[in-house]
Amino acid sequence: MRIIYTDVLVIGGGLAGLRMAIAARRRGHEAIILSLVPAKRSHSKAAQGGMQASLGNVIKGQGDSEDVHFEDTVRGGDWGADQEVVRMFVNTAPKAVRELAAWGVPWSRVRKGDREVIINGQKVTITERDAAHGLVAQRDFGGTKKWRTCYVADGTGHAMITAIADQAIAASIPVHEHNEALALIHDSGRCYGAVVRDLVSGELTAYVAKATALATGGAGRLYRVTTNAVICEGIGQAIALETGVATLGNMEAVQFHPTGIFPAGILVTEGCRGDGGLLRDADGHRFMPDYEPEKRELASRDVVSRRMEEHIARGKGAKSRFGDHLWLDITLLGEHHIRHNLREVYEICHYFLGVDPVKEWIPVRAAQHYTMGGVRTGPTGESPNLKGLFAAGEAACWDMHGFNRLGGNSVAETVVAGMIVGEFIGDFCDRPENDINIPTAVVHDYLEREQARLSALLTGRGTEDAVALRVAMQEIMTAKVGIFRRGKDLEQAVDELQQLLVRSRDIGVRYRAAGANPELVTAYRTQRMLKLALTVAYGALARSESRGAHYREDFPRRNDAEWLKRTLASWSNESDTLPTLTYEALDVRRMELPPGWRGYGARDHIHHPDTATREKEVEALKAKLASSDRFAVQQALMPYEQLLPPRLRGRNERIDDRS
Amino acid sequence: MKGSDQLADVAAATRRAPRDRLPALLDVVQSISGLALVMFLGMHLLLDAAILIGPSAADAVARAFEGQYLFGTAHPWIVSLAALALLTLIVVHAVLALRKLPHSTREYVAFRHHLRGINHGDTRLWWWQVVTGMALFFLIAPHLYIVITQPETIGASASAHRVVAERAWVLYAILLPVVLLHAAAGTYRMVVKWGWPKLSRVRLRPWVWGIAGAYCVLGLAALVAYTILGLRLTE
Amino acid sequence: MTDQTAHRKLSFRILRYNPQENGSTPRLQRYELEEADGMTLFIALNEIREQQDPSLQFDFVCRAGICGSCGMMINGRPGLACRTLTRNLPPEITLAPLPIFELIGDLSVNTGRWMRDLGERLETWVHMKAGELDLGHIEETMDPDLAEQIYLLDRCIECGCCVAACGTARMREDFVGAVGLSKIARFRLDPRDARTDADYYELIGDDDGVFGCMSLLACHDVCPKNLPLKTQIAFLRRKIAAVGIK
Ligand SMILES: Cc1cc2nc3c(=O)[nH]c(=O)nc-3n(C[C@H](O)[C@H](O)[C@H](O)COP(=O)(O)OP(=O)(O)OC[C@H]3O[C@@H](n4cnc5c(N)ncnc54)[C@H](O)[C@@H]3O)c2cc1C
């Protein structure tokens, strides 16, 4: 068993991990990235639609600013987000797009003059400004007031990760591929790295580091139907949970994407609707305006997904032998647009459905898509409970998404958080008191513990079948912890998942090779995934309100009075079968945007007692500063700039500032 | 606000060792020599076809190349010289092409394996180009040997005699399709390789094979004509 | 998904070999499976692993034809397994790992390391012009058509199919393959990259680079992303040769 020392151990080679590693490296620290697969194959690759940043280059984005992006994001998250973090995020997102532009991402660009677009089912001609010609273009996405989503045709994530991974190669950052972190090494509230299994040789190695950064992505595979890659199993969150010290935030907040192709669940991007695509039912009727007259197909994802399921429940779904579904109609966008701006969509329809989206409708149904919850961190990206453990990207609950994230805000988060958290990791490593001082004996204990867990699976007498347990878990999660949730179902789900967890301690494998062994991998991951599934189900059961993507039929209203707080889950004891839940209140009195109606979805909610007071305060401040610029107003409402690393502060120029 | 520092970009600027031009040169020469040979072959076969007009036409062509109309008398050594130059060109072309062939058993086996597995037309065609190229070593040698050593025996009746009495028709009947296949494959590859003229392979193929086929017919016809003439001479 | 015909019995012959295991030798193993509607090789292989043989190794990540993990030889031709529908194949299906790349086991190969080495060797990143980036400022403009052209080449998913299909690469270990050449073509096109053709000549101006290409073009014919490899390699050859003979 080996020990490898480094300054920064980044677990995860997706956008967030790569960008953090580059930041740390540029600060002069040695960084190693671990990844299950070659970095460029991380699931960031699959992001199609785009990345939000308020550049305001296109005419439909004119007037966009950090302020509008801020409000959209907070509303989208149904006031669950940490508003200071949202501010940090929206101010850095334009910088991130511009940095990526310099690094070679071939962002689609604005072409001056007239062009035809589809808005609300109608052909409309819009005229792009001369001054914007050749600047990064934006498209429309759900839940946004302005066109703000920067994109590279519909291969945005692909182009982004290609550029960033290449920059990591340029910076000579080693990526240890086919390596999986199995446990975090920690002692007295301080994280020191991880025990890592080589997926080819089966060997265990301890990576000991000053700073450990988790960027392991989402946990979609807790569900049966998901848009996520097969490696999105939430192991990063699970090993943080298993420390018993770090906490996971808001794990019950799970996003379902309206347009997974049916039945495979492969995603077709929100850009389809952003660019003018429509949802239709079995009769070919465009039904979204009936439910959501303001935002129609472009309400936030949680709302659209629910409306779709509601519509199917009314018997309006198209029937197929795999069940009911609805239709996504992009035929009105025309062949040229589809072949150029929605290439991946075209390919996916062609290869997986045998459907030509230029002529035919695409069968879709909502599928699990995104994990808003994750390892709880403060604004610096560090766990408040476990010093030296950082997290960023989908695996983290930095908390800029609250209970629902907007399309395009996720890849933006990965890079922005990578930039910001990377700087704070740099600061952390700069401080001499953070040098590594862990006794090797402790490291060896961890190695031996993990070796023992593996040996138990390989040589034990376990009889449970990991695949069967996993399938059962996925069925429970999809059926009972899905888009619509009920107390009774959730109770059952929690019970059943607990039983599965107990059974999972008795998993046996048939193929007993210690090296490359897919069955062994399924076995130990399933054990961890069950714990994670329980944090989702148990958190959902406890939260007796509806907020964002978390929708309780038995508590359909958002309840700020009781639930304006973040769920924190920890797993105190290995023998437990349930996480321990605690809550972290959100402080209305410090919110820049006090809770209110989102602008779509349900209108009624139960107010927080402080909301009215804060609203008055905000009004008064705005009135008082009526003659000041927006920056002064913002500063007065909720100062946040001090939270950003110095090199990432500062305003963002737009073409309107130039004229 | 200052953004990212420049980590990456010294490499290109610092690496300024004198450039090795040879690879580019060899690659271009390989193609140019091939092109020259193809053009020569085209001319050669066209002129051979003079026999289809009649023995005197064939003789006139032969004399023309011996400089008869330039110097007043025929100098067959001109043909020898030209053939020597051609031989040099062929050797250059062949040596350059050798670089591309399998160099060891491992490479040979790997390629054969690949060829069988991939089942890909253009890959197969390349293999045939290699095979015909090899064959041409042996087929062209005797042909050129005669031209260089007995340039004066080129002409309607002497050639016809060779074809029939000396049984050269066997050589020519094999040489013709082999050289045409090689030339066609080479031309096709050259167009694809350099991307000029801008044609898709689907559009290019009929051209290449059409022209090669036409030449084959023409060449065979000339051979038949010589054979008939040769048979008549022996009678 | 709409064909209602009775389901075929599929017979898979899969090349099995685990170099990590002592005594393992390459062999073809046969598995029988009943076809299902819309079945892809992703579904089929997982079914085989779950129900018949837990030791079978293969790689899938996105299972949507986007990430490039699942390149393998499907009846002798390289392709992405995840988006290969079994209904487009005969009932006898032979699967083998991509050649050339280091074998991890069975159908799993280490394309990642190969591609990383290639990236280091060809310096496949934008070599920015000197001077600091000021991220607060409006980005540099780029012609919209040029941006699209760059993206077209940027779509490479490094799946390794072009390399596996390449006759030269099969014979010559160090050949950069279509993936390497198309990457250089991509950076050449990008005005943000400060390098000149003379710099690129140093990287690919030899028989391991663009002059090693014999234009068999199986790369072009198997590329799952339909990259314009034929025209790009030809174009590159002209430009790089021009540097050499100047
Ligand atoms: C189909 C699809 C389309 C999307 N489209 C968009 C979009 O258009 N816009 C948008 O904003 N967002 C989109 N998203 C969401 C967004 O792509 C992801 O949330 C984001 O890319 C996650 O990035 P990440 O860096 O956090 O994680 P990932 O990119 O998932 O990377 C995780 C990394 O962690 C590694 N890893 C995991 N576990 C371990 C372990 N135990 N040990 C070692 N390594 C490990 C993996 O190998 C991988 O390298 C989309 C998501 C999907 C599924």
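Which strands of chain C are included in what covers the buried residues of helix 1 of chain C? I took up this question at the start of my notes on a predicted model.

**Entry 1: helix 1 of chain C**

I looked up the cover and found that it includes strand 1 (9-16), strand 2 (27-34), strand 3 (71-74) and strand 5 (92-96) of chain C. Helix 1 runs over residues 41-51, and its buried residues are C:Leu41, C:Phe42, C:Ala44, C:Leu45, C:Asn46 and C:Ile48. I kept in mind that an α-helix has 3.6 residues a turn, so residues three or four places apart point the same way. C:Leu41, C:Ala44, C:Leu45 and C:Ile48, among the buried residues, were the ones I marked with this in view.

**Entry 2: chain C as a whole**

I counted nine helices and seven strands in the secondary structure of chain C. I noted that the C-alpha trace of this chain spans about 60 × 40 × 30 Å along its principal axes. Of its 246 residues, 64% count as buried. I also looked at how far apart in sequence the contacting residues lie. Among contacts in chain C between residues at least 6 apart in sequence, 63% join residues at least 24 apart.

**Entry 3: the two domains of chain C**

I found chain C divided into domain 1, residues 9-109, and domain 2, residues 123-245. Their centres, taken over C-alpha atoms, are separated by 30 Å. I recorded 15 residues from domain 1 of chain C and 14 residues from domain 2 of chain C in the contact.

The area buried between these two domains is about 1100 Å², and carbon and sulfur atoms give 69% of it. I searched the interface of domain 1 and domain 2 of chain C for salt bridges and found zero. On the side of domain 1 that touches domain 2, the elements giving two or more residues are strand 3 and strand 4 (77-80) of chain C. Strand 4 gives the most to that side, with four residues.

**Entry 4: chain C against chain A**

How many residues of chain C are in contact with chain A? I found 72 residues of chain C in contact with 83 residues of chain A. The area buried between the two chains is about 6100 Å², of which carbon and sulfur atoms give 56%.

I counted 10 salt bridges between chain C and chain A. I looked up one between C:Glu139 and A:Arg98, whose side chains meet at 2.9 Å, N to O. The interface of chain C and chain A also holds 33 residue pairs in polar contact, both residues at pLDDT 80 or more. I listed the elements giving two or more residues to the side of chain C that touches chain A: helix 1, helix 2 (111-122), helix 3 (144-154) and helix 6 (177-189) of chain C. Helix 3 of chain C gives the most to that side, with eight residues.

**Entry 5: confidence in chain B**

I checked chain B for confidence and found a mean pLDDT of 90, with 92% of its residues reaching 70 or more. Where in chain B is confidence lowest, and where is it highest? I found the lowest in helix 1 (residues 10-14) of chain B, at a mean of 47, and the highest in helix 9 (residues 168-194) of chain B, at 96.

Key:
Residues are numbered from 1 along each chain as its sequence is written. Chains are lettered from A and ligands numbered from 1 in the order in which they are written. Side-chain values use heavy atoms; hydrogens and water are left out. pLDDT is the predictor's confidence in each residue, from 0 to 100. Buried means under 20% relative accessible area, exposed over 50%, partly exposed in between (1.4 Å probe, protein chains only). Contact means heavy atoms within 4.5 Å. Domain bounds come from an automatic or database domain assignment. Buried area is the accessible area (1.4 Å probe) that two parts lose on being put together, summed over both. A salt bridge is a side-chain nitrogen of Lys or Arg within 4 Å of a carboxyl oxygen of Asp or Glu. A polar contact is a pair of N or O atoms within 3.5 Å; within protein, one must be able to donate a hydrogen and the other to accept it, and residues adjacent in sequence count only if both atoms are side-chain atoms.
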